[in-house]
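Grab the model and work through the exercises below with the structure open beside you. Try each task before you read its solution.

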Amino acid sequence: LLKDNPKLNCRLKGYEKFSPIRIILDRNLEIKQSSYIFKSSKKKNTFIFHNSLNFDKIRILKKRGITLIKSKTNQDNLFNLNKILKIIFKYGIRNLLVEGGDKLTKAFLYNKLFEAVWVCTCAPSREEEGPEKRGDEMISNKFREEKSYVICCRFLQAVECIGGPQL
């Protein structure tokens, strides 16, 4: 969220109304007001799990229509993913597209928090020099080394687990 300003929406022409609910883990509410997520938030399309006492930021985000869910962290300052899945399950969310880095991806995979999974790896950014230069050859070496991961998962039964992973 801080590195690449993701949209987390559907950008297929004619299907924009099918954009998913965005669920973000942001312990310290570091989301920037200049971010696409902040600017495009509408009531009930963005949930942020946090553990912040920054009341000014909380007020600003709530005013924007973002649903904030204060969630405890453990001694390592990590969220309990199982508890988060249970909360979003209560909101009627049964399918989840997880776009995250190494820690989040491993937490979902190692703890088997899914019924079905498809993992895609991709470079997080491309050079922005025009459409003719956006092929794979233009991805810088830096981004070839720093992969981002996307996991599509159904977690209908995963919320039945007790305890759970931390992130």
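**Exercise 1. Find the side chain that makes a polar contact with the side chain of R22, and describe the surroundings of R22.**

Keep in mind that this is a predicted model.

- Step 1: Start with the polar contact. The side chains of R22 and S41 are joined at 3.5 Å.
- Step 2: R22 belongs to strand 1, which covers residues 22–25.
- Step 3: The relative accessible area of R22 is 4%, and the cut-off for buried is under 20%, so R22 is buried.
- Step 4: R22 then touches K7, L8, Y36, I37, S40, S41, N45, T46 and F47.

**Exercise 2. Work out how strand 2 is covered and what it pairs with.**

- Step 1: Count the buried residues. Five of the five residues in strand 2 are buried.
- Step 2: Look for the partners. Strand 2 pairs with strand 1 in the parallel sense over four bridges, and with strand 3 (residues 67–70), also parallel, over four bridges.
- Step 3: Pick out some opposite residues. L25 faces F49 of strand 2, while H50 has K70 of strand 3 opposite.

**Exercise 3. Describe the setting of H50: is it buried or exposed, and what does it contact?**

- Step 1: Locate it. H50 sits in strand 2.
- Step 2: Read the accessibility. H50 has 3% relative accessibility, so it counts as buried.
- Step 3: Collect the contacts, again leaving out neighbours within four places in sequence. The list for H50 is D26, R27, L29, I58, L68, I69, K70, S71 and F79.

**Exercise 4. Which side of helix 3 is buried, and what covers it?**

- Step 1: Name the buried residues of helix 3. They are L81, N82, I84, L85 and I88.
- Step 2: Recall the helix geometry. An α-helix has 3.6 residues a turn, so residues three or four places apart point the same way.
- Step 3: Turn to the other side of helix 3. K83 and K90 are exposed there.
- Step 4: Find the cover. Strand 1, strand 2, strand 4 and helix 4 are among the elements that cover the buried residues of helix 3.
- Step 5: Inspect the ends. At the start of helix 3, a side-chain oxygen of N80 comes to within 2.9 Å of the backbone nitrogen of N82. Just after helix 3, G92 has a positive phi of about 90 degrees.

**Exercise 5. Find the largest nonpolar core and say which elements build it.**

- Step 1: The largest nonpolar core has 15 residues, and F49, L81, L85, I88, L96 and F108 have the most contacts inside it.
- Step 2: Assign the contributors. Strand 2 (46–50), helix 3 (81–90), strand 4 (95–100) and helix 4 (102–110) each supply at least two residues of this core.
- Step 3: Helix 3 gives the largest one, with four residues.
- Step 4: Check for another core. There is a second, separate core of 10 residues, including I24, I31, I37 and F38.

**Exercise 6. Sum up the chain as a whole: how many helices and strands does it have, and in what pattern?**

- Step 1: Count the elements. The protein chain has five helices and six strands.
- Step 2: Read them in order. The pattern along the sequence is β-α-β-α-β-α-β-α-β-α-β.
- Step 3: Of the 167 residues in the protein chain, 34% are buried.

Note on methods. Residues numbered from 1 in each chain as written. Predicted model: local features only at pLDDT ≥ 70, side-chain atom pairs only at ≥ 80, totals over all residues. Heavy atoms only, no water. Buried < 20%, exposed > 50% of the residue type's maximum accessible area, 1.4 Å probe, protein only. Polar contact = N/O pair within 3.5 Å; in protein donor to acceptor, adjacent residues only side chain to side chain. Contact = heavy atoms within 4.5 Å. Core = buried A, V, L, I, M, F, W, Y, C linked by side-chain atoms within 4.5 Å. Pairing = 2+ DSSP bridges.
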